[in-house]
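Reader: I have a few plain questions about this structure. Please go through them one at a time.

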Amino acid sequence: METALVEIICGLLCSDNDKIRQSTAALSKAYENPEAILGFCNIVVSPMETQIRQFAAVLLNKRLGKLRHWQALNADQQNTMKQIALQALIAEKEKGVKNAIAQLIGSIVRHEAEKKDSWLSELLKFIFDRCVSADPKESEMGSSTFATLTDSAPDQFVPHMDTICMIFANVLVSAENNGDLTTPTVCNMLAGITYLMPFIAGHSAAEHTVAKVLPQILKSLHAFAYKGVAQEFQAAFDILDCMIEYSPKLLTNIKPILDFSMEISANTQLDDSIRVQVISFLGRLVKQKKKVVTKQKLLEPVLSVVFNVMCCSPTGDDDEDYFSNDGGDNPITAASQALDIMALSLSPEKLIPPLLHILETALQSPDPIRRRAAFLAMAVIAEGCSDSITSKYLEAMLNIIKGGIADQSPFVRNSAFFCLGQFAEHMQPEISKYSPQILPVLFEYLGQLVNDLKNGLPQSKYTDRMFYALEAFVENLEDKIKPDLPILMERLFPAMDAQNPPRIRELALSAVGATATAAKVDFMPYFPRTIAVLQNYMLLQIPEGLEQVRIEAMDALAALARVVGKENFLPLANDSMGFCLSILENGTEDPELRRAAYNLMAALSIVAKEDMAAVFPKIMDRIVESVISSEDVLPRIGSADDVDPNIEINLEDESDGEDDDSELEGFQVENDYLMEKEEAILALKEFAANTGAAFAPYLQSAFENVYKIVDHPSDGIRHAAVEALTQFVKALHKIGDTDGVSRACLIVVPKFAQILRNDEESSVVIVVLEALGDLFKEVKKPAVPTAEIAEIICLCIKDLLTNKMACQFSESGCAGGGDEEDDDESEIDDAIIENSANLLPLFGHALESKDFSAYFGRLYSFFVQRMSKKNSDTSMRSFLFGTLADCFQSLGIWSVSYFDTMCPIFLKGASDSDPRTRQNSFYGLGELVLHAQQKSFDSYPTILQALSDAIAKEKDPPALDNICGAVARLIITNTDAVPLAHVLPVFMSNLPLREDVEENDTLQKAFRVLYIKARPAIEPYLEQMLAITIQMLYKKQLPDSEATENVIGFIKEIGQSYPEQFSRVSNSTSEVFQFVQSLVCFTS
């Protein structure tokens, strides 16, 4: 029997697929013999070669890991298996075989957990006794068994947590007393406790024990680091990573942990992989313990260490690796990522000042490596600190970056270009106003590149980053790019020349796409020539080396299709679509090429619209296949010592419902497949948005398949899936399928709420909040089909506002924590609060006013608490005032319930030191009066006096506009309660509006009410009112066609009743005369 089993194992381990299939069938047949299990056991403990014995143990675990197969053994066979497995584990010397046996024992332990027999007790006693043995060999054996079993079946050790932690503490103390904290026993115990860390919470005695020996843990890790064996250090150090993730409260005194981390991070004599692991941990530690770090003034030394690591010399000629998150496993990249984490987690007010002090010195250093590091540091904080940099430092930092771009060192220039690209990416739209200073610099370097290429000179080291900066800056300029288009395209066309290296052409094509995105129809003068270039690459068979150029050409063509207008692109649509279909029909194996095809087809749907109906049958199956494909997630089996993970064995077709996830220890992601999946999802989203009824037959399938991957490990995929699901619901609404909308929302809204609660990625949470708001605003009541869903949304808003979601880490119980700590919130924290607050008024769109009132009553106090906190951020305060004001429209007449509470709050806000807060307070007062109606009448004198006092001293244009808007609302609500003789002169003297033209609609309604109810009072102002009204129309400052029609009717009515005044205004200039005539002719 054993000889036959060995032959099967050898067949499974060979590379011949036919042999593997034959051996798989033979294995299934062998399992029909009850002696097969014992046969595999005998192979495991035999003197055969390691790989065969290891694979025998793997096959045993795969078979007996299924509960029903274990239960099929009789009691004697089970006992024999237990004894053989335990004895084999004790005796085995080969690590790979030992791990495979331990996995088998872990499965048996899990199956036998409910039994009261003595085997499990004997097993635990065996382990515990040997872990604390004075004999190093015995303790190593016990601790190794402990580590392996806690890895495979950690939950089975939870009932013994207190005992295990005491043993752990004893091992560490004993090792310290013996003067060696790097023994195999210590390493194994650290690994075992690491596996148990997710279960330690709630075991107070165990927590206390581990916290007490934290100094010994740090000493041991320190010793492992200086011992220099990277694999041992990694296994030991994982305990700190797990503490941060699962039990951060165990890290009560973080100064020694920071001191240890900073020492290891800074020591260039240590192995890079050791330093990388500690540097990465340092960033996460500061994130999790930010309040303690800032309170104890520990941030500055941490920043100093991290920056000095960034100042290490690059290990090669190419330092591109240091500018990306996946660029390499080196200390510089790790330090950059740690600083990025800090920027995303800490308040900019706490991070930027000490960092600037470091950067100022570095920028003046004669060492180009330190200057390079300074620009890299500025780049990596750009995302997390964008608002603060934009409001306080942008101009100064841009001047510094310009100096870096002109630096003599190519390393410094490369870093400065990267910094500019990051600023352009994260500081829109404010950075665009500096285009007159920035674009000439970029154009100069682009022109220099073109000249170098003409002269046969090699491209500069900073070329990639120069194009990155150019593309990021140009893409968001919109109409501001128009004056610079000629010079930009004059340089980009030569860069796309077929004689240039493929990489230069790729970069130039990508820049052309960004330029077209900004310029839109203004790109048309360059459209024919650009198309001529792109068509050179629209080939099914592309010359070798130009594959990536073709992909960039397809992306550039997609960008053009989106922006130049349907009529301009339509002649190219059929050929472009045919090219995409040919790519998919030929079954390309390149996921990036499929991604480009999906992107181009999605762009073409903007042009083709419902004509896409002829294309969908040819492409939908392939796109859906990309959406649900698992090619982006590749399983890893076991450790590096395990059998080749590429071997696939289909032992049997089992569907017993048992979870096989335990066979996978993790997953790795292939970026190209991820990008393909994301683009496929986004293509479905665009089809739903652009093609109307043509996509209706595919909506259900698209919804179901995208919903399957909304919990994907990649945050980019989750982001795309949420946006697509939202668009599918909106498409159902657009085609009038109200029942379909309600059914979809019964599924998708609770799912979105679950993501809000559980997703740890802040950007995904923000996307979900935006998606829910979009649904509520557009779909309205069908988006909240039940009271249960309304309750779910209410609780989500409440818990987001009180920092109780997974993405909002809160150090409960931290000394000094409380309201005064709110200035520790990062910009991403604030963004989550703002988006969750903004969801409340949008939520009101999906509810009846009475129902919304009940939820508003439960939530508004959280807004008020944040608005009134000491040291509250001015931008947050102003935002919350505006959000509360937006709620009154949905509350409608139910605003009366909150008038007495809200009116004093907005009156107080009207005298705030921050102009945006005053602006939103004036807006809120007007909205409150407008919707509270009669309830507000008694407060008119108080409100009018406050507005009068404010307008007399207000200098901020938007705030002045909103005072006028508030007065207009008071007039609309109760004209008789407004002393027009006193109010109108001041009111009219502050018109027209300066900046906040959204208030024009309200202003027009007030004019209309005054014209009807108080015409004698406004006759002195009729010409001014008429001129303001004409100006609104001319500048297209009204919200919709209905408002426009009403205004035109008002103008005509004045013209009929007051022809002289009308004539004077319409004849004031030839431009006004022509415009008024066009209105009369158009409407006559």
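**Helix α45 and other sites**

Author: Helix α45 spans residues 940-953, which is 14 residues. From first C-alpha to last it reaches 20 Å, close to the 20 Å expected at 1.5 Å a residue. The model is a predicted one.

Reader: Is E676 buried or exposed?

Author: E676 sits in helix α34, residues 671-690. Its relative accessibility is 3%, and the cut-off for burial is under 20%. E676 therefore counts as buried.

Reader: Which side chain forms a polar contact with that of E676?

Author: Leaving out residues up to four places away in sequence, E676 touches P591, R594, R595, Y598, R622 and S626. A polar contact of 2.5 Å joins the E676 side chain to that of S626.

Reader: How does A230 count by its relative accessible area?

Author: A230 is found in helix α14, residues 230-246. Not counting residues up to four places away in sequence, A230 touches D271, S273 and I274. With a relative accessible area of 26%, A230 is partly exposed.

Reader: Which residues touch the most other members of the largest nonpolar core, and what is F987 in contact with?

Author: The largest nonpolar core has 391 residues, and those touching the most other members are I217, L240, F423, F728, F843 and F987. Neighbours within four places in sequence aside, F987 is in contact with C964, V967, A968, I971, L1003 and F1007.

Reader: Where does pLDDT stay under 50, and where else is it below 50?

Author: The mean pLDDT of the chain is 89, and 92% of its residues reach 70 or more. Where pLDDT is low, the predicted coordinates should not be read in detail. That applies to residues 634-669, where pLDDT stays under 50, and the pLDDT is also below 50 over residues 812-822.

Note on methods. Residues numbered from 1 in each chain as written. Predicted model: local features only at pLDDT ≥ 70, side-chain atom pairs only at ≥ 80, totals over all residues. Heavy atoms only, no water. Helix = DSSP H or I, 4+ residues; strand = E, 2+ residues; numbered from the N terminus. Buried < 20%, exposed > 50% of the residue type's maximum accessible area, 1.4 Å probe, protein only. Polar contact = N/O pair within 3.5 Å; in protein donor to acceptor, adjacent residues only side chain to side chain. Contact = heavy atoms within 4.5 Å. Expected span 1.5 Å × (residues − 1). pLDDT = per-residue confidence, 0-100. Core = buried A, V, L, I, M, F, W, Y, C linked by side-chain atoms within 4.5 Å.
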